[in-house]
Amino acid sequence: ALAPSRLDVRADFPGLPEGWSYLDTAATAQKPQAVIDAIADAYGPRYATVHRGVYARSADMTIAYEAARKRVADFLGGAADEIVFVRGGTEAINLVANSWGNGHVGAGDRILLSTLEHHSNIVPWQLLAERVGAEIDVLPLTEDGQIDLDAIAAMLTERHKLVALAHVSNVLGSTLDAKRAADLAHGVGAKLLLDGCQAVPRMAVDVAAIDCDFYAFSGHKLYGPTGIGALWARGDILAEMPPWEGGGSMIDKVSFAGTTYAPPPQRFEAGTPHIAGALGLHAAIDYVAALGLDVIHAHEAALVSETRDALSQLNSVRLFGPEDSAGIVSFALEGVHPHDIGTILDEEGVAIRAGHHCAQPLMAHLGVEATARASFGIYNTSDDVAALVRGIERVSRIFG
Ligand code: PMP
């Protein structure tokens, strides 16, 4: 049996009033006071621009901004100059598709995705494929909703330049065997990009141990601010990637005769960056690291297991995804639209997400329009599970 949940941090979160069960952390996480304070500080007594100022305040802010980059690098197991600050996971993937993709994926080449990808790990590759005349292949899922890596061997060819997969599914909570995916991709000379948006908030990630090539995540799902995230890319790959957005800060020398570019990561950060976002993200990583990613993982696993056990007792509930789904439980109730489930649960003080979760191909695969999704974070407890189950029992009674 799993250890009982051990985290007791709810008091750190001003966004969580007594009696409200927030079960939508996979969409975006609530913020601990430490993150809110870091942002207020960044816009208050510490505020100045970075990289340009000759005065002390700006020099200090530059040091803080670069310290945030180093913190992200340490968190992922990479080097600071391999971290590009972006708006979020979506922008990280678009950066790779545009910069690396334009140069390395050509006519007749292939890109391998999976059935469960978020739209942000589908559409940028479709846009790339259209631009260059490449093709997309789609990995199937196992019965219980995991990416079927056994199928990769039969599908991968020398024409595949990239495999791009979710480390953790935002709908099913399925966790990829990332190391195996990397080995398989590299076996045919393809690169592996991992969409880590749902992984970094709930498990320790080490890009060196995984041996992937690109890793993308969003700060706001990791208890940090919106509008900031990171792309990690292996140093040798990043070094030869061309810029994708032009502007200030990303150049070496500009003239009308021709412009040269700064080395990475600056080459990929045109314009004034999200300074306060980076400092807020630094605080968020400090916060979760102090709790311990292994503790967080065990805490969420216990809550998922409680939820799945309780919901599987109810006849009308269909559970999606694997038994050991990471922090996320998707479900449906026979004859009830997920939006109605969400609305009734809201009346009960339980916030879940209902919809296609930006994963329409997965919905088609599951044969549903939408699912209801409860997703957990570090502040949830068994009380939230109990409130969810009570609410679903009420939904069942209403719809008889
Ligand atoms: N990938 C996954 C698996 C996600 O869950 C999300 C957010 N729902 C994204 C990508 C996109 O993240 P963002 O909207 O923060 O860019």
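# Questions on a predicted chain

Me: Where does P265 lie?
Reply: P265 is placed in the loop between β10 (260-261) and α9 (275-291). The model is a predicted one.

Me: What makes the peptide bond between P264 and P265 a cis bond?
Reply: The omega angle of the bond joining P264 and P265 is about 5 degrees, and the bond is cis. In general, most peptide bonds are trans.

Me: What is noted about the phi of D211?
Reply: D211 is not a glycine, and yet its phi is positive, at about 70 degrees. As a rule, most residues other than glycine have a negative phi. D211 is found in the loop between α7 (207-210) and β7.

Me: Why is D211 called partly exposed?
Reply: A residue is buried with 20 or more other C-beta atoms within 10 Å of its own, exposed with 12 or fewer, and partly exposed in between. D211 has 16 such atoms, so it is partly exposed.

Me: What can be said of the phi and the place of C358?
Reply: C358 also is not a glycine and has a positive phi, of about 55 degrees. Its place is the loop between β14 (353-355) and α12.

Me: Why is C358 called partly exposed?
Reply: There are 17 other C-beta atoms within 10 Å of C358. The value falls between the limits of 12 and 20, and therefore C358 is partly exposed.

Me: How do you know that E334 is exposed?
Reply: E334 has 10 other C-beta atoms within 10 Å. The limit for an exposed residue is 12 or fewer, so E334 is exposed. E334 belongs to the loop between β12 and α11 (338-347). In sequence E334 and F399 are 65 residues apart, while their C-alpha atoms are 9.5 Å apart in space.

Me: Why does L222 count as buried?
Reply: L222 has 26 C-beta neighbours inside 10 Å. The cut-off is 20 or more, so L222 counts as buried. L222 is in the loop between β7 (214-218) and β8 (229-233).

Me: Which residues are in contact with L222, leaving aside its neighbours within four places in sequence?
Reply: They are A29, V200, P201, F217, A284 and V288. Contact requires C-beta atoms within 7 Å. As for Q198, it is 24 residues from L222 in sequence and 8.5 Å away in space, C-alpha to C-alpha.

Me: What makes G321 a buried residue?
Reply: G321 has 26 other C-beta atoms within 10 Å. The requirement is 20 or more, and G321 is therefore buried. The loop between β11 (317-319) and β12 holds G321. Apart from neighbours within four places in sequence, its contacts are D144, G145, L172, G173, S174 and S330. G321 and T142, though 179 residues apart in sequence, are 9.7 Å apart in space between C-alpha atoms.

Me: Which residues come nearest to the ligand?
Reply: Of the 13 residues around the ligand, G88, T90, H118, N170 and S218 come nearest. The shell has 3 nonpolar, 9 polar and 1 charged residues.

Me: Which residues does UniProt list for "domain: Aminotransferase class V"?
Reply: The unreviewed UniProt entry lists residues 22-388 under that name. Over this stretch the chain is 39% helix and 17% strand, with the end C-alpha atoms 10 Å apart.

Conventions
Residues numbered from 1 in each chain as written. Predicted model: local features only at pLDDT ≥ 70, side-chain atom pairs only at ≥ 80, totals over all residues. UniProt positions renumbered as here; feature names shortened; annotations may be inferred. Helix = DSSP H or I, 4+ residues; strand = E, 2+ residues; numbered from the N terminus. Near = placed C-beta within 6 Å. Nonpolar A, V, L, I, M, F, W, Y, C, P; charged D, E, K, R; others polar. Contact = placed C-beta atoms within 7 Å.
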